[in-house]
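Reader: I am new to this structure. Please take me through one part of it closely, and then show me what else is there.

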Amino acid sequence: MKYNEKEMKFLRDEVNEMWKLVISQIEKTKKALLTNDVELALEIVSLEKKVDAYELRLDSNCEHYIALYNPVAIDLRLVLSIMKISITLERIADYAAGVARYVLEAECQPFTDKMKESLRLEKMFDALLSMMTTSLVSFNSENVKNASKILAKDKGIDEIYHSSINLLSEQIGKDSTDARCGLEMMMVIRKLERIGDHCSNIVEEIVFYIEAKVLKHKGKREI
Amino acid sequence: MIVTKNINFYYGTFQALKNISMTMEANTVTAFIGPSGCGKSTFLRLFNRMNDLIDGTRLEGECLIKGKDIYDKSINIDALRKDIGMVFQKPNPFPKSVFENVAYGLRVNGIKDKKFIADKVEETLKAAALFDEVKDKLNKSAFELSGGQQQRLCIARALAVEPSILLMDEPASALDPISTSKIEELIHDLKKKYTIVIVTHNMQQAARVSDKTGFFMLGELIEYNDTKKMFLNPDKEITQNYITGRFG
């Protein structure tokens, strides 16, 4: 393996590690929220710093790679994608920590089983985890054939989010004494919806890296 | 380790190097960059006293290699040049076979054991990442090899006498991109065993292969820094202007 390929492999390995750490953060967040597990929520918050450190390291390593090796074509697209993906992963981890803080700090009653079911929280988490893991496979196999399926999952998450707005506003309308808790729940769901958006951004970066197509800001994503 | 202290060098009355002090660590690659005539090749040639061959030159200051001043009267210049190999811009194989080019240095040094020479030639050609390409042409003329192969042969010839330092004066500037890439790969491998100093006009080559980079201009060492730092955030504005192509 050539020395610049070794450096590139190092960048790939590093973003893979970060990616897996963030997937595990989402898995933990799902469990912490659904079971109101305070200890796990604490662990998620403390691991956020580790994700931040990955972002800083990848930033610096990508800068050096560009400065020293002048990558072009697919190599350049890969380095640019890794930089953007690491920023996005860090934001996803921020949202996960935000949800964990809800578990730690909310003065409201935890989500009841009935609420969890009607808000379809588990389904939302499963869709997010599927987006994260499938996109990692796409990145590593340099194959975007699953890209449209991954992006379609974000539409499913958006649909759950919008129906949650209706559900929670209805509930607040019925019993305004608990409005604050309803709003806090809404913010948790909003965070999950934003994670879905960020997962879509990652897919866009993978498509840019592999096929040099720009999907950003296009109403209809054509792959 | 190579250490220079307050080096001034003159061609007649022209001062080519001005008060240069720097340290090059063992088993690293140091690159010298700078515009033509900045003194980088002159500085490189100090390390194996190649400048001694030019009339009317004068040196001030100290040049220490492994702690010894190589300009001390007690220094044996042949032994010095055996320890400090040099590769030039244009491949310059001898008009001999591939085998004899590499064996030459050994024979000149009085080695006669045929098996030892044959083993050493093979080992050195492997170290120069050339053996697989020439193993069936060892008795053919070196001139039958491609430019890139000839340059690696010259590197093998320099390595055969087991130097500790390798000086390279634009070793890839006459080569195509694939041959250049092979030479750069080789430099990366060789630094595990040798201390390498390379002069290059190609800034990206300096970035790709070196651990430290020295930027020369008008005979002065403007900046000497880690290559990563030099190409991302140099300390001097003049370095930045040069490496970004704003002048030069």
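This is a predicted model: local features need pLDDT of at least 70, side-chain atom pairs count only at pLDDT 80 or more; totals for chains, interfaces and linings use all residues.

**A close look at the core and beyond**

Author: Set aside its neighbours within four places in sequence, and A:L33 is in contact with A:V99, A:Y102, A:V103, A:F111, A:K116, A:L121, A:F125 and A:V188. A:L33 also belongs to the largest nonpolar core, which has 118 residues. Within that core, A:L33 is one of the residues that touch the most other members. The others named for this are A:W19, A:L89 and A:F139 from chain A, with B:L125, B:I155 and B:F231 from chain B.

B:M22 leads on to a sheet. In β2 of chain B, B:M22 stands opposite B:T4. Strand β1 of chain B covers residues 2–11. It pairs with β2(B) in the antiparallel sense, over seven bridges. The sheet is open and has four strands, in the order β2-β1-β4-β5 of chain B. Its pairing is antiparallel. Which strands form the edges? They are β2 (14–24) and β5 (68–69) of chain B, and each pairs on one side only.

Now turn to a single serine. Is B:S210 buried or exposed? B:S210 has 8% relative accessibility, so it counts as buried; the cut-off for that is under 20%. B:S210 sits in a loop of chain B, between α8 (203–209) and β9 (212–217). Its side chain makes a polar contact with the side chain of B:T213, at 3.2 Å. A polar atom of the B:S210 side chain also lies 3.5 Å from the backbone oxygen of B:K212. Leave out residues up to four places away in sequence, and B:S210 touches B:V29, B:T30, B:A31 and B:T227.

Last comes the open space. The largest pocket has a volume of about 640 Å³. Its lining is made of 21 residues. Which of them lie nearest the centre of the pocket? They are B:R81, B:K82, B:F94, B:Y104 and B:V161. Several elements of chain B each supply at least two lining residues: α2 (77–83), β6 (84–87), α3 (98–108) and α6 (147–160). Of the elements, α2(B) gives the most to this lining, with four residues.

Technical notes. Residues are numbered from 1 along each chain as its sequence is written. Chains are lettered from A and ligands numbered from 1 in the order in which they are written. Side-chain values use heavy atoms; hydrogens and water are left out. A nonpolar core is a set of buried Ala, Val, Leu, Ile, Met, Phe, Trp, Tyr and Cys residues joined through side-chain atoms within 4.5 Å. Buried means under 20% relative accessible area, exposed over 50%, partly exposed in between (1.4 Å probe, protein chains only). Contact means heavy atoms within 4.5 Å. A polar contact is a pair of N or O atoms within 3.5 Å; within protein, one must be able to donate a hydrogen and the other to accept it, and residues adjacent in sequence count only if both atoms are side-chain atoms. Two strands pair if DSSP finds at least two bridges between them. On a 1 Å grid over the protein atoms alone, a cavity is a set of points where a 1.4 Å probe fits but cannot get out, and a pocket is an open set with protein on both sides within 12 Å along at least five of seven lines; lining residues have an atom within 4 Å of a point. Grid points are joined across faces, edges and corners, and a volume is the space filled by probe spheres set on the points.
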